[in-house]
Amino acid sequence: MRRVDLRKSKVLFEDLAQVIKEAKVGEVLVILFEIGDFSAVEKSFSFVKENGCELLNSLKFNQVDWTIVIKKESV
């Protein structure tokens, strides 16, 4: 399991794609990012599925941060 802090990312989904690409199959990632508006949260659900991962959990961490837990399933 690896924790990845993307709260300061200016290009969240590009950075998330890179993190997923570098992860090993079967690896669990805990991703922390700022939500700003809720659209990034909604987009993250479909984004991880499209990039060969299973969404294991999603929760609001505090007032501005969101956490998703994903498992890489394919290359």
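Colleague: Leaving aside neighbours within four places in sequence, which residues is Thr67 in contact with?

Modeller: They are Val30, Ile31, Leu32, Asn57, Ser58, Leu59 and Phe61. A contact here means heavy atoms within 4.5 Å. Before we go on: this is a predicted model, where local features need pLDDT of at least 70 and side-chain atom pairs count only at pLDDT 80 or more, while totals for chains, interfaces and linings use all residues. Residues are numbered from 1 along each chain as its sequence is written, and side-chain values use heavy atoms, with hydrogens and water left out.

Colleague: Okay. Why is Thr67 called buried?

Modeller: Buried means under 20% relative accessible area, exposed means over 50%, and partly exposed is in between, using a 1.4 Å probe and protein chains only. Thr67 has 9%, so Thr67 counts as buried. Thr67 sits in strand β4, and that strand is mostly covered, with seven of its eight residues buried.

Colleague: And what makes Met1 exposed?

Modeller: Met1 has 80% relative accessibility, and the cut-off is over 50%, so Met1 is exposed. Met1 belongs to the segment before β1. Not counting residues up to four places away in sequence, Met1 still touches Val28 and Val30.

Colleague: How about Cys53: buried or exposed?

Modeller: Buried, because 5% is under the 20% limit. Cys53 is in strand β3. Beyond four places in sequence, Cys53 touches Ile20, Val48, Ile70, Lys71, Lys72 and Glu73.

Colleague: What about the bridges between β2 and β4, and between β1 and β2? How many are there?

Modeller: β2 and β4 have seven bridges in the antiparallel sense, with Phe33 opposite Trp66 in β4. β1 and β2 have four and run parallel, with Val4 opposite Ile31 in β2. Strands of a sheet pair through backbone hydrogen bonds, either parallel or antiparallel.

Colleague: What order do the strands take in the sheet?

Modeller: The order is β1-β2-β4-β3, in an open sheet of four strands with mixed pairing. β1 (2–5) and β3 (53–60) are at the edges: each has a single partner strand, so one side of each is left without a neighbour in the sheet. From one strand to the next, the twist averages 20°.

Colleague: Where do the helices go?

Modeller: Helix α1 (residues 12–22) packs on the sheet and touches β1, β2 (28–34), β3 and β4, with its direction at about 170° to that of β2. Helix α2 (residues 39–50) lies across β2, β3 and β4, running at about 160° to β3. For these angles, axes are lines fitted to C-alpha atoms, for helices over the stretch in contact, and the angles run from 0 to 180 degrees between N-to-C directions.

Colleague: Last one. Why does the radius of gyration agree with a compact globule?

Modeller: The radius is taken over C-alpha atoms, and the globule rule is 2.2 Å times the number of residues to the power 0.38. For 75 residues a compact globule would have a radius near 11 Å, and the protein has 11 Å, so the two agree. The C-alpha atoms fill a box of roughly 30 × 20 × 20 Å along the principal axes. Of the 75 residues, 40% count as buried.

Definitions and conventions: Two strands pair if DSSP finds at least two bridges between them. Helices (H or I, at least four residues) and strands (E, at least two) are DSSP runs, numbered from the N terminus.
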